[in-house]
Amino acid sequence: MLTPTPISQSFNKIIATIESCKTKNQLENASRMVKNFKEIYKQVGYPKVLSYSLERAIYKKYFICQ
């Protein structure tokens, strides 16, 4: 039986992944992680500020990776 992962733990892991990206390819994969996060936690409900924070982190990192 699978144990559910707390939203905050998943959020922190995705932020760490985004910050560790060094290439555009890695950033694209992190973007897919964000998409999966949204799909999974949409079913249980999550604060929209988390979604905004993840999108903002991707946006900031995109310009650094160029």
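## Packing of α1 against α3

Helix α1, residues 7–20, and helix α3, residues 48–65, have axes that come within 10 Å of each other and cross at roughly 10°. Angles under 35 degrees count as roughly parallel, and therefore α1 is roughly parallel to α3. The model that shows this arrangement is a predicted one.

On the α1 side, the contact is made by Ile7, Phe11, Ile14, Ile15, Ile18 and Glu19. On the α3 side, Leu50, Ser53, Leu54, Ala57, Ile58 and Lys61 take part. By class, the residues of this contact comprise 9 nonpolar, 1 polar and 2 charged.

## Overall architecture

The protein chain contains 3 helices and 0 strands. In sequence order, the pattern is α-α-α. Along the principal axes, the C-alpha atoms fill a box of roughly 40 × 25 × 15 Å.

Of the 66 residues in the protein chain, 29% are buried. Among contacts with a separation of 6 or more, 64% are between residues 24 or more positions apart.

## The nonpolar core

In soluble globular proteins, nonpolar side chains tend to be buried together. In this model, the largest nonpolar core has 16 residues. Ile18, Phe37 and Leu54 are the residues with the most contacts inside this core. The elements that contribute two or more residues to the core are α1, α2 (24–42) and α3.

The surroundings of Ile18 can be listed individually. When neighbours within four places in sequence are set aside, Ile18 is in contact with Leu27, Ala30, Val34, Leu54, Ala57, Ile58 and Lys61. Two of the residues named for the most contacts inside the core, Ile18 and Leu54, also belong to the contact of α1 with α3.

Ser10 is located in helix α1. Its relative accessible area is 15%; because buried means under 20%, Ser10 is classed as buried.

Residues up to four places away in sequence aside, Ser10 touches Thr5, Phe37 and Tyr41. Ser10 and Phe37 are 27 residues apart along the chain, yet their C-alpha atoms are separated by 7.8 Å.

## The cysteines

How many disulfides does the count come to? The count comes to 0 disulfides. Cys21 is in no disulfide, and the nearest cysteine sulfur, that of Cys65, is 6.2 Å away. Cys65 is likewise in no disulfide, its nearest cysteine sulfur being that of Cys21 at 6.2 Å.

Terms used:
Residues numbered from 1 in each chain as written. Predicted model: local features only at pLDDT ≥ 70, side-chain atom pairs only at ≥ 80, totals over all residues. Heavy atoms only, no water. Axes fitted to C-alpha atoms, helices over the stretch in contact; angles between N-to-C directions. Helix = DSSP H or I, 4+ residues; strand = E, 2+ residues; numbered from the N terminus. Parallel < 35°, antiparallel > 145°, perpendicular 65-115°, else oblique. Contact = heavy atoms within 4.5 Å. Nonpolar A, V, L, I, M, F, W, Y, C, P; charged D, E, K, R; others polar. Disulfide = S-S within 2.5 Å. Core = buried A, V, L, I, M, F, W, Y, C linked by side-chain atoms within 4.5 Å. Buried < 20%, exposed > 50% of the residue type's maximum accessible area, 1.4 Å probe, protein only.
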